[in-house]
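Q: I'm new to this structure and would like a close look at how one part of it is put together. Could you walk me through it slowly?

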Amino acid sequence: MQWIQRLSIRNKMLGAFMSIMLMADLGGGIALFNLARVNDGTRALATGAMPRLRQAAVLQSAVHDLRIAQYQAMLADEDADRKAAEADVAKAIAAAQSPVQHLSASADVAGAAKTIASIHTRWDAYLQGNEKAMKLSGEFGLKAMGGDYRKQFDGLVADLDELAALEGRAADGQV
């Protein structure tokens, strides 16, 4: 400690300034390292889990829109209203068809591949049921929308909810 007392004020000030600069550089380096980690995590989230999560949400919405359009077709009193509702059904099917066919899951999302396979199976079955149900109207149409067809819808919705939950947990893990 004696050597510090022997230093001139100029050298003491220079040493203090250099110490402060060294700490600032060290703090900046740590900040840059952490910023790079945040950037990598954000990029992985933006290109990985979030598009898949959005895809699941779009599909959930399209399937519900389809169900609403189907009921509107069944309840239509006028021929023109029924034709408009049937057009809405066709639009809803088209809106859901592409997302269903392009569903993908990250390999590291456990259970997603199984859920997606189930969605494909249930979607195909639901579309087959749609063809049968849309041939009917009124009471008969409403009955056709219930029973086994309703169970197919409920199963499809449950699978879509499960996929959204799986992808949501994957997104949470990337944050």
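At what angle do helix 2 and helix 5 pack, and how far apart are their axes?

A: Before the answer, a word on the model: it is predicted, so local features need pLDDT of at least 70 and side-chain atom pairs count only at pLDDT 80 or more, while totals for chains, interfaces and linings use all residues. Residues are numbered from 1 along each chain as its sequence is written, and side-chain values use heavy atoms, with hydrogens and water left out.

Now to your pair. Helix 2 and helix 5, which covers residues 138–145, pack at an angle of about 155 degrees, and their axes are 8 Å apart. Helices here are DSSP runs of H or I with at least four residues, numbered from the N terminus (strands are E runs of at least two). The axes are lines fitted to C-alpha atoms over the stretch in contact, with angles running from 0 to 180 degrees between N-to-C directions. That angle makes helix 2 roughly antiparallel to helix 5, because angles over 145 degrees get that label, while under 35 counts as roughly parallel, 65 to 115 as roughly perpendicular and the rest as oblique.

Who does the touching? On the helix 2 side you'll find Arg67, Gln70, Tyr71, Met74 and Leu75, and helix 5 brings Gly138, Gly141, Leu142 and Met145. Contact just means heavy atoms within 4.5 Å. By class, these residues split into five nonpolar, three polar and one charged. For that sorting, Ala, Val, Leu, Ile, Met, Phe, Trp, Tyr, Cys and Pro are nonpolar, Asp, Glu, Lys and Arg are charged, and the others, Gly among them, are polar.

Helix 2 has another partner in helix 4: the two pack at about 15 degrees, with axes 11 Å apart. So helix 2 runs roughly parallel to helix 4. Their crossing is left-handed, meaning the near helix is turned anticlockwise from the far one by less than a right angle (clockwise would be right-handed). Here Val63, Leu66, Arg67, Gln70, Ala73 and Met74 of helix 2 meet Trp123, Tyr126, Asn130, Ala133 and Met134 of helix 4. That contact counts eight nonpolar, two polar and one charged residues. Arg67, Gln70 and Met74 are listed in the contact with helix 5 and in the one with helix 4.

Helix 4 also packs against helix 3, where the axes come within 12 Å and cross at roughly 165 degrees. Helix 3 and helix 4 are therefore roughly antiparallel, and this crossing, too, is left-handed. From helix 3, Arg82, Glu86, Val89, Ile93, Ala96, Gln97, Val100 and Gln101 meet His120, Trp123, Leu127, Asn130 and Met134 of helix 4. Sorted by class, that gives seven nonpolar, four polar and two charged residues.

Keep an eye on Trp123. Apart from its neighbours within four places in sequence, Trp123 touches Val63, Leu66, Ile93, Ala96, Gln97, Val100, Gln101 and Leu156. Trp123 is also one of the residues with the most contacts inside the largest nonpolar core, alongside Leu59, Val63, Leu66, Leu156 and Leu163; that core has 34 residues. A nonpolar core is a set of buried Ala, Val, Leu, Ile, Met, Phe, Trp, Tyr and Cys residues joined through side-chain atoms within 4.5 Å. Helix 2 (9–75), helix 3 (79–101), helix 4 (112–134) and helix 6 (147–174) each supply at least two residues, and helix 6 gives the most, with nine.

Ile116 sits in helix 4 and is buried, at 9% relative accessible area. Buried means under 20%, exposed over 50%, and partly exposed in between, using a 1.4 Å probe and protein chains only. Asp159, in helix 6, is buried as well, at 12%. Setting aside neighbours within four places in sequence, Asp159 is in contact with Thr115, Ser118, Ile119 and Arg122. Of those, Ser118 lies in helix 4 and is partly exposed, at 22%.

Back in helix 2, there's Met50, partly exposed at 39%. Met50 and Ala171 are 121 residues apart in sequence, yet their C-alpha atoms are 6.6 Å apart. Leaving out neighbours within four places, Met50 is in contact with Leu45 and Ala171.
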